[in-house]
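Work through these exercises with the model open beside you. Try each task before reading its solution.

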Amino acid sequence: MAEAVLGVDLGTTATKVIAVDRTAQALFSAEHGYPLHTTPAGEATHDPLQVLDAALQALREVAAWCASSDVQVVALSLTGAMHTLLAVDAAGKPLTGSLSWADNRATEQTALLRGTPEGAELHRITGTPIHPFAPLSKLAWFTRHEPELARTARWCGLKDFIALRLTGRLATEHSSASGTGLMDIHRLAWHPGSLAFAGVTAAQLPDLLAPTDALPLTADVPGLPAGLPVVMGGGDGPLANLGVGAVTPGVAALSLGTSGALRVVRDRPGVDDRGRVFCYAIAEGLWVLGGAVSNGGVVAQWAADTFTTDVGTLLAEAAEVPTGANGLLALPYLLAERAPWWDPDPRATLLGLRREHTRADITRALVEGVGQQLALVLDAVRSTGARVDSIRVTGGAFRSTLWATVLASALGMELELADDSEGSGVGAALLAWRSLGVLPSLTAAADLVVPTATIKPDPDAVTHYARSRPLVERAYLALRELSGALSAP
């Protein structure tokens, strides 16, 4: 009988469960969605019970397919969006919604640390940038606004809540915990300084386990036997590297959808002196160093909506515009920006705009702006001494020739296109195969996932982007004060 593990990927808009065999091949998947509740006050939350229902429904469907296909399920493994936070009572009942990474209420608490020696030290110790997305800041917000809840509740991530309902134990793992701003990445333990700032105790947080640790399934899930190993798993970003085989030194992973991220694996924790990158755990002594950008494919969608056309048509027009967008330079911060600035305030800006510029010029400038932002992340990663010899890329944006060529040229490297149809779910499944002893090491995943194509940079564009990149940082620094004034009430 064939065997499979089920990777459970708890995303921002849906949960996908995927059956993966020993060779990292996806056999079958099911996906169920749920809303992200947002308000003008900066809230961005999920109903954790809706997410649980979606996960259980997808698990039942994939388990049923496995049974009908004579495939034995030998384990589950969990992954999900990082930086989530919710409160539960002693019985595990949710007391709040699950705050997503996009929840932006904790700006005041972030401002207390941002740019201070204390903030820089917390970033160095925890690997998590000082930003409203971090549970560190979110907990400090609750301590200020709901002190009784902050003091008495237990706190966890959304993935931890799902694990609790599947296994009966409130636990997390080093990978997800390394994105909270609460764990010392050098000691793999909750950090007293972070807990003091957040206003909580270690006893209020989940138990810390290794990503490859497993707990027995206690929930009644039709088609899955009681006691089935539930592997703790990890954060979606680190496991995305695993899922595309970017788990050896010098091989980076770059994903570009609505937003984007660039991460490279290394064998020790640490961040750069300027605090521009994050450092999150995968497992077994492997760490990802990198940064996420808030603005990726969203800039082209915004342009298409603004100019009342479709994205494909607009990108085709922009592809005819020469490198440099006829003198336009874009800071594409439609959704503020994360790496390398970690700044919740900046506004998108077009420099050099004149009457003769067209929608194609503007779109080209925005795409180039995203490329330059990711190149700044790459520069920050390399400043730590980390090698980046090759980059494996995933995401729907790379179906566009313009996006593909601009990114390759801005980064100054050939890009290896990887199959990203199942994303972090495959990484979670590979972690389970490692936990079961089938995969000899996590780095063996590099031999299982083979890129499907190579994207080559344009040599002239490489030179242009390298020459103009310092202007992006200068423009950001010059406009930061103005952006803050525009954001003021």
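**Exercise 1.** Does alanine 24 count as buried or exposed, and at what relative accessibility?

*Solution.* Some ground rules come before the steps. This is a predicted model, in which local features need pLDDT of at least 70 and side-chain atom pairs count only at pLDDT 80 or more, while totals for chains, interfaces and linings use all residues. Residues are numbered from 1 along each chain as its sequence is written, and side-chain values use heavy atoms, with hydrogens and water left out.

Step 1: take the cut-offs. Buried means under 20% relative accessible area, exposed over 50%, and partly exposed in between (1.4 Å probe, protein chains only).
Step 2: apply them. Alanine 24 has 13% relative accessibility, so it counts as buried.
Step 3: Alanine 24 sits in the loop between strand E2 (14-20) and strand E3 (26-33). Helices (H or I, at least four residues) and strands (E, at least two) are DSSP runs, numbered from the N terminus.

**Exercise 2.** Describe the surroundings of arginine 276.

*Solution.* Step 1: locate it. Arginine 276 is in the loop between strand E17 (260-266) and E18.
Step 1: Arginine 276 counts as buried, because its relative accessibility is 14%.
Step 2: list its contacts (heavy atoms within 4.5 Å). Neighbours within four places in sequence aside, arginine 276 touches His123, Ala339, Pro340, Trp342, Ala380 and Ser383.
Step 3: look for a polar contact. This is a pair of N or O atoms within 3.5 Å; within protein, one must be able to donate a hydrogen and the other to accept it, and residues adjacent in sequence count only if both atoms are side-chain atoms. The side chains of arginine 276 and serine 383 make one, at 2.9 Å.

**Exercise 3.** What surrounds alanine 281?

*Solution.* Step 1: locate it. Alanine 281 is in strand E18 (residues 278-283).
Step 1: list its contacts. Not counting residues up to four places away in sequence, alanine 281 touches His174, Ser175, Ser178, Pro238, Leu286 and Trp287.

**Exercise 4.** Why is helix H4 (residues 135-145) described as largely enclosed?

*Solution.* Step 1: count. Of the 11 residues of H4, 8 are buried, so the rest of the structure largely encloses the helix.
Step 1: name some. Among them are Leu136, Lys138, Trp141 and Phe142.
Step 2: find the partners. The buried residues of H4 pack against several elements, including helix H2 (107-113), helix H3 (117-126) and strand E9 (154-156).

**Exercise 5.** Summarise the whole protein.

*Solution.* Step 1: count the elements. The protein has 16 helices and 24 strands.
Step 1: note the extent. The C-alpha trace spans about 65 × 50 × 45 Å along its principal axes.
Step 2: turn to burial. Of the 489 residues, 58% count as buried.
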